[in-house]
Amino acid sequence: MKRAALVLLITLAVAVAGYFVFYEMATRPTRCMMAHQDCGMAWLRNEYHLTDAQFDKVMKMHDDYRPTCERMCQRIAVANEKLNALIASSHTVTPEIDATLKEWATLQNECRMAMLAHVYAVSAEMNPEDGQRYVKMATAQIVTPGMAHANLLAH
């Protein structure tokens, strides 16, 4: 009986140790990327097989685009607040709500167009197959209503 219990404990200890070794090995690359200051960009580099030169160019493009994105986000946030306030203070669609809703939609469209241009420019720096995959992934986010546009760029 003591021998069976000892064998069971040793087997359990080996299984637990094996699990933790496997977990460590399987998650190390992802944990390293996540620990990186710019983990979103590290993921992009890894996922789309960017060379150092490509990565440097994409990083510059990303940094150059950031102010545009931030301005668009701010403008959309202001339009959202205005629209929410108008809707909350009315019981019917007013001309002001109509105009504000049109302004909001125009801002959303401008943002999506700017992001799409950025996505195409970034994809042009990748090899053709990875560029196509990147465009497919990014445009699925861009054309989704109510998108979390700020999250797409991994600020």
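The structure is a predicted model, in which local features need pLDDT of at least 70 and side-chain atom pairs count only at pLDDT 80 or more, while totals for chains, interfaces and linings use all residues. Residues are numbered from 1 along each chain as its sequence is written, and side-chain values use heavy atoms, with hydrogens and water left out.

**Overall fold**

- The protein has six helices and zero strands; helices (H or I, at least four residues) and strands (E, at least two) are DSSP runs, numbered from the N terminus.
- Read from the N terminus, the order of elements is α-α-α-α-α-α.
- Of the 155 residues, 28% count as buried; buried means under 20% relative accessible area, exposed over 50%, and partly exposed in between (1.4 Å probe, protein chains only).
- Among contacts with a separation of 6 or more, 59% join residues 24 or more positions apart, where contact means heavy atoms within 4.5 Å.

**Helix 4 against helix 5**

- Two packed helices are described by the angle between their axes and the distance between the axes.
- Helix 4 (residues 95–124) packs with helix 5 (residues 128–142) at about 165°, and their axes are 9 Å apart.
- Axes are lines fitted to C-alpha atoms, for helices over the stretch in contact, and angles run from 0 to 180 degrees between N-to-C directions.
- Helix 4 and helix 5 are therefore roughly antiparallel; angles under 35 degrees count as roughly parallel, over 145 as roughly antiparallel, 65 to 115 as roughly perpendicular and the rest as oblique.
- Helix 4 contributes Arg112, Met115, Leu116, Val119, Tyr120, Val122 and Ser123 to the contact, and helix 5 contributes Gly131, Tyr134, Val135, Ala138, Thr139 and Ile142.

**Leu116**

- Leu116 lies in helix 4 and is partly exposed, because its relative accessible area is 23%.
- Beyond its neighbours within four places in sequence, Leu116 is in contact with Thr139 and Ile142.
- Leu116 and Val135 are 19 residues apart in sequence, and their C-alpha atoms are 8.6 Å apart in space.

**Gln54**

- Gln54 sits in helix 3 (residues 52–88) and counts as buried because its relative accessibility is 18%.
- The side chain of Gln54 reaches the backbone nitrogen of Thr51 at 2.8 Å.
- Leaving out residues up to four places away in sequence, Gln54 touches His49, Glu125, Met126 and Asn127.

Conventions: A polar contact is a pair of N or O atoms within 3.5 Å; within protein, one must be able to donate a hydrogen and the other to accept it, and residues adjacent in sequence count only if both atoms are side-chain atoms.
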